[in-house]
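I have the sequence and the model open side by side. These are my notes on what I looked up, entry by entry.

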Amino acid sequence: MGEWVKVSAPATISNIGPGFDIFGMALQEPFDIIEARKIDSGVRITGVSGPGSDTIPCDSKLNSVGIAAEEVLRRTEADFGIELRIKKGIRPCSGIGSSGASAAGGAYAAHLLTGEKLTERELVLCAAHAEDVTSGGFHADNVAPCIMGGFTMIRSYEPFEVVSIEPPKDLGVVVAMPDVLVATKESRRVLPHNVSVKDLVFHVGNASCMAYAMTVGDIDLIGRSAQDSVFEPARTHLVPYLKEAEKVAMGLGAKASFLGGSGPCVISFFNKRETDGKAIADGIVGLYKEKGMRCDSWITAWGKGCRKV
Ligand code: HSE
């Protein structure tokens with residue numbers, strides 16, 4: 001048995017308005033911890049703890065940590081196996097990349113044990129393979145920022161090309177997680193298969209300005225560009241009081257407020273030079289309390305990708 005390595009894998013926001021399956025951003029909090037060590041052969045998961053862990057399979061063929069680690073072993077032609085322990089900090093079915101963090105953390109931990117032979121791009125693909133198996137669709141907009149950090153943009157899936165940039169340092173993020181579970185698989189089933197030219201034009205305009213605003217650090221323009229006329233409208237019914245929560249956040253100084261990934265998290269951006277984000281977090285939590293629902297919140301910021309801790 002080898003030494004344990006320990007990796008932190010951050011929560012991520014995906015879609016971010018117009019960038020369905022394209023935009024992603026790593027957060028500082030919350031995060032999963034994945035521990036891994038070499039064993040003679042196979043991939044074994046010997047511990048899963050933390051919020052929602054009772055719903056996470058320990059069978060390594062069904063678990064995103066195990067699937068991603070196995071893919072790294074396969075690509076590197078490793079002659080050993082891996083034992084994994086998972087400590088969830090990100091509840092499953094949250095909309096902030098819970099399975100993506102596990103997949104990326106599993107891939108990264110295996111990468112460390114196999115002598116760091118893969119490129120970042122290959123690691124993202126190993127983790128995206130696990131997302132495909134567990135979430136019902138090949139998408140890398142959570143695993144890319146989880147591995148690369150910052151704000152990521154997937155230019156193309158085939159061939160796969162992704163870039164990462166540093167968002168503005170004053171961009172703050174409130175994550176509000178109402179007590180409802182939304183499985184990505186289900187949330188993808190309600191999406192339309194076709195979009196109109198009008199929606200396409202709207203998304204390209206907003207996505208272009210989002211990329212520009214992230215690059216030059218224009219937080220007001222980031223806020224105005226976080227618009228989605230196709231995917232969030234199709235999913236709004238899955239998240240109770242989503243539109244009310246967004247409205248509360250905007251009234252309390254948020255620059256944008258939108259559905260995180262496939263939901264149910266409500267994400268709000270703010271400018272740290274103008275507010276500390278507490279009123280926004282308290283406002284959304286208060287709204288859900290009034291409606292008789294629990295809502296957890298984090299006041300955080302964009303962060304780096306997976307790392308050894
Ligand atoms: N882009 C994906 C979706 C992210 O919205 O379905 C899910 O985690």
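Which residues of H3 are buried? I found Leu123, Val124, Leu125, Cys126, Ala127, Ala128, Ala130, Glu131 and Ser135. For me, buried means under 20% relative accessible area, with exposed over 50% and partly exposed in between, using a 1.4 Å probe and protein chains only. Helix names follow DSSP runs numbered from the N terminus: helices are H or I with at least four residues, and strands are E with at least two.

**Ground rules**

I am looking at a predicted model, where local features need pLDDT of at least 70, side-chain atom pairs count only at pLDDT 80 or more, and totals for chains, interfaces and linings use all residues. Residues are numbered from 1 along each chain as its sequence is written, and side-chain values use heavy atoms, with hydrogens and water left out.

**Entry: more on H3**

I checked the length of H3 next. H3 has 16 residues and reaches 22 Å from its first C-alpha to its last, close to the 22 Å expected at 1.5 Å a residue. That expected span is 1.5 Å times one less than the number of residues. Then I asked what covers the buried residues of H3. The cover includes H1, H2, helix H4 (143-148) and H5, where contact means heavy atoms within 4.5 Å. Just after H3, I noted Gly136 with a positive phi of about 80°.

**Entry: H1**

H1 runs over residues 64-75, so I counted along it by the DSSP runs. Its 12 residues reach 16 Å from first C-alpha to last, close to the 16 Å expected. How many residues of H1 are buried? Nine of the 12 are, which leaves H1 mostly covered. I listed them as Ser64, Val65, Gly66, Ile67, Ala68, Ala69, Glu71, Val72 and Leu73. They pack against strand E2 (19-39), strand E3 (43-49), strand E4 (81-87), helix H2 (98-113) and helix H3 (120-135).

I also looked at both ends. At the start of H1, a side-chain oxygen of Asn63 reaches to within 2.7 Å of the backbone nitrogen of Val65. My cut-off for a polar contact is a pair of N or O atoms within 3.5 Å; within protein, one must be able to donate a hydrogen and the other to accept it, and residues adjacent in sequence count only if both atoms are side-chain atoms. After H1 comes Glu77, with a positive phi near 50°.

**Entry: helix pairs**

Two packed helices are described by the angle between their axes and the distance between the axes. My axes are lines fitted to C-alpha atoms, for helices over the stretch in contact, with angles from 0 to 180 degrees between N-to-C directions.

The axes of H1 and H2 come within 7 Å and cross at roughly 35°. The contact is made by Ser64, Val65, Ala68, Ala69 and Val72 of H1 and by Ser99, Ser102, Ala103, Gly106, Ala107, Ala110 and His111 of H2.

I then moved to helix H9 (residues 242-251) and helix H10 (residues 278-290), whose axes come within 9 Å and cross at roughly 150°. H9 and H10 are therefore roughly antiparallel to each other; the label needs an angle over 145 degrees, while under 35 counts as roughly parallel, 65 to 115 as roughly perpendicular and the rest as oblique. Leu242, Glu244, Ala245, Val248 and Ala249 in H9 meet Ile280, Gly283, Ile284, Leu287 and Tyr288 in H10.

Most residues other than glycine have a negative phi, and most peptide bonds are trans. I went looking for exceptions. Where is the cis bond with omega about 0°? It joins Glu158 and Pro159, and Pro159 is found in the loop between strand E5 (151-156) and strand E6 (161-165). The bond from Gly263 to Pro264 is cis too, with omega near 10°. Pro264 lies in the loop between strand E8 (256-259) and strand E9 (266-271).

Asn15, in strand E1 (residues 5-15), has a positive phi of about 75° although it is not a glycine. Asn15 counts as buried at 7% relative accessibility. Glu116, in the loop between H2 and H3, has a positive phi near 50°.

**Entry: two buried residues**

Ile13 lies in strand E1 and is buried, with a relative accessible area of 0%. Leaving aside neighbours within four places in sequence, the contacts of Ile13 include Phe23, Met25, Val173 and Phe269.

Ser187 sits in helix H5 (residues 184-189), buried with a relative accessible area of 0%. With the neighbours within four places left aside, Ser187 is in contact with Val182, Arg235, Leu238 and Ser262.
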